Amino acid sequence: MALPENFLWGGAIAANQAEGGMLAGNRGLSNIDLLPQGEHRMAIGKGLISNLQRDEKYYYPSEKAIDMYNHYLDDIKLLAEMGLKVFRLSISWTRIFPNGDDSQPNEEGLAFYERIFKELRKYHIEPLVTLAHFDVPVALIKKYGAWRNRKMIDAYTNYARTVFTRYKGLVKYWLTINEINILLHQPFVGGGLIFGEGENVAQLKYQVAHHQLLASALATKIAHEIDSENKVGCMLAGGSHYPYSCQPEDYLEAIHRDNGEYFFIDVQARGYYPNYALKKFERENIQIDITQADKEMLLANTVDFVSFSYYCSRTVSGLDENYASTTGNLFKSIKNPYLKSTQWGWQIDPLGLRSSLNMLYNRYQKPLFIVENGLGAKDEPDEQNYVVDDYRIEYTRQHIQAFKDAVEIDGVELMGYTTWGILDLVSASTGQMSKRYGFIYVDCDDQGRGSLRRVPKKSFYWYQKVIASNGEIL
Ligand code: BG6
């Protein structure tokens with residue numbers, strides 16, 4: 001058997017893309033609640049336009065999402081039927097602290113997640129919990145300018161301590177910050193940042209990165225103090241860079257671009273700033289406030305495992321050529337002529353997953369966890385809302401084969417695999433429902449219309465067999 005017996009097969013979602021119930025149970029507003037569907041979504045996500053007043057003219061898909069807030073019992077039942085061993089979800093920070101740093105936590109929010117975790121445990125499903133999945137309380141954006149202020153570290157660690165304490169014994173696996181490198185590409189989504197006129201954007205991003213890295217290390221420390229059974233991971237938007245050609249300039253560029261993203265895990269997994277980053281700061285006159293105590297904190301509190309999302313590889317060139325480009329998980333990249341693309345232009349590359357696993361394992365020597373992977377595609381349900389999604393099965397099969405090979409042939413240590421959007425949910429980049437990832441169809445369209453009925457797709461029954469055979473039957 002290629003995979004260990006305790007391999008964690010599962011699925012993933014995030015609070016902001018699934019729960020809805022935006023103001024239910026005393027919840028406060030979060031950055032994602034300000035992201036509308038439509039042409040301004042990207043600019044707001046990048047922090048170039050402010051929508052702090054939450055303009056009524058827009059449609060906000062996260063407000064209702066797939067209403068998991070009210071459907072979670074039935075949803076978990078379906079996940080159990082599929083045979084899931086692990087379910088990745090995030091806690092919405094503003095359900096616990098509506099203003100991000102209230103003196104007391106909101107009991108309704110705490111009780112909500114307690115019910116979820118207990119329900120998962122009833123079916124022997126291990127929760128894997130992200131503390132912040134694109135989640136910055138709006139009140140803290142207004143009060144501090146979000147993560148640009150060091151005080152955010154106190155607010156975040158107080159929130160972390162509260163949930164570690166409350167869910168001790170119920171949750172063992174934690175991720176500190178979802179796709180921490182998204183901060184560089186979508187600073188409002190990743191860090192609640194809105195830039196002022198003439199601000200030094202690079203300086204600000206790396207100061208914010210330092211605050212988040214420190215907060216992550218502190219949360220890791222607290223998690224271990226509260227329960228020595230806790231396992232804490234970092235989480236990166238993964239996918240290595242390929243040189244467009246074998247010209248040395250292209251290869252070097254690929255190394256530099258990898259460094260640009262892996263910078264975050266370098267700090268979280270090794271405990272110190274890599275030399276290439278310190279040189280970059282020096283060269284670009286980026287001055288970050290890093291104290292000796294910060295350095296000690298980072299070094300003493302590295303993560304237990306390294307997790308990442310994988311949707312595609314990226315292709316780059318160090319030469320000044322005008323190659324055709326494509327998008328993929330919020331990054332722009334040169335179009336790789338050897339790969340096919342999804343309907344949204346993300347390039348499909350199962351072997352790239354195996355390469356990424358090798359690279360990450362060689363670099364960190366820590367257990368790895370693939371916590372997102374999947375195909376966003378348009379589905380065509382029949383009158384009963386049943387979807388025959390052979391394309392999704394094929395995509396997933398190829399990626400599973402790739403990570404099985406990484407384990408069996410290359411000797412990579414892999415803890416588990418959670419497919420993204422195990423139930424259809426709102427797309428982070430576009431705000432659409434029609435970009436579906438799920439093995440469970442949710443009857444809801446791009447304008448939020450539909451019965452919200454959940455119907456297993458063909459892929460549901462396929463994945464059920466994959467899990468039952470521990471990946472032997474693909
Ligand atoms: C990752 C995020 O970037 O990719 C998820 O962690 C997101 O929140 C997923 O949904 C897929 O991206 P998209 O834009 O297709 O929803």
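Predicted model: local features only at pLDDT ≥ 70, side-chain atom pairs only at ≥ 80, totals over all residues.
**The barrel**

Eight of them close into a barrel in the order 1-2-3-4-5-7-13-14, and the pairing is parallel. From one strand to the next, the twist averages 25 degrees.

Strand 14 has parallel partners in strand 1, through five bridges, and in strand 13, through three bridges.

| Strand pair | Sense | Bridges |
|---|---|---|
| Strand 1 and strand 14 | parallel | five bridges |
| Strand 13 and strand 14 | parallel | three bridges |
| Strand 9 and strand 10 | antiparallel | four bridges |

Which strands does helix 15 touch? Helix 15 (residues 390-408) packs on the sheet against strand 1 (8-12), strand 13 (368-372) and strand 14 (414-420). The direction of helix 15 makes about 170 degrees with that of strand 14. Helix 16 (residues 458-468) lies across strand 1 and strand 14, and runs at about 150 degrees to strand 1.

**A helix pair**

Two packed helices are described by the angle between their axes and the distance between the axes. For helix 10 and helix 11 (residues 248-270), the angle is about 35 degrees and the axes are 10 Å apart. The crossing of helix 10 past helix 11 is right-handed. Where they meet, helix 10 brings Tyr206, Ala209, Leu213 and Ser216, while helix 11 brings Phe263, Phe264, Val267 and Gln268. Sorted by class, this contact has six nonpolar residues, two polar ones and no charged ones.

**The nonpolar cores**

The largest nonpolar core holds 139 residues, and the members that touch the most others are Phe117, Tyr167, Phe403 and Tyr463. Helix 10 (residues 201-226) gives this core its largest share, 12 residues. A second, separate core has 10 residues, among them Leu8, Tyr173, Phe305 and Met415.

What surrounds tyrosine 167? Leaving aside residues up to four places away in sequence, tyrosine 167 touches Ile91, Ile96, Gly109, Leu110, Tyr113, Glu114, Phe117 and Trp174.

Aspartate 75 sits in helix 3 (residues 68-82). Is aspartate 75 buried or exposed? Its relative accessibility is 1%, and because the limit for buried is under 20%, aspartate 75 counts as buried. Beyond residues up to four places away in sequence, aspartate 75 touches Met68, Leu423 and Arg454. Aspartate 75 and glutamate 472 are 397 residues apart in sequence, and their C-alpha atoms are 26 Å apart in space.

Glutamine 186 belongs to the loop between helix 8 (182-185) and helix 9 (187-191). Although glutamine 186 lies in a loop, glutamine 186 counts as buried, at 5% relative accessibility. With residues up to four places away in sequence not counted, glutamine 186 touches Met42, Gly45, Lys46 and Leu330.

**A hairpin and its exposed lysine**

Strand 9 (residues 325-328) and strand 10 (residues 331-334) run antiparallel and are joined by four bridges. Threonine 326 has serine 333 in strand 10 as its bridge partner. Two residues separate the strands of this hairpin, and asparagine 329 takes a positive phi near 45 degrees. Strand 9 has a covered face, with Thr326 and Gly328, and an uncovered face, with Ser325 and Thr327.

Lysine 332 has its place in strand 10. With a relative accessible area of 60%, lysine 332 is exposed, because exposed means over 50%. Lysine 332 touches Arg257, Ser325 and Thr326, again not counting residues up to four places away in sequence. Lysine 332 and isoleucine 226 are 106 residues apart along the chain, with 41 Å between their C-alpha atoms.

Conventions: Residues numbered from 1 in each chain as written. Heavy atoms only, no water. Core = buried A, V, L, I, M, F, W, Y, C linked by side-chain atoms within 4.5 Å. Buried < 20%, exposed > 50% of the residue type's maximum accessible area, 1.4 Å probe, protein only. Contact = heavy atoms within 4.5 Å. Pairing = 2+ DSSP bridges. Axes fitted to C-alpha atoms, helices over the stretch in contact; angles between N-to-C directions. Left-handed = near helix turned anticlockwise from the far one by under 90°. Nonpolar A, V, L, I, M, F, W, Y, C, P; charged D, E, K, R; others polar.
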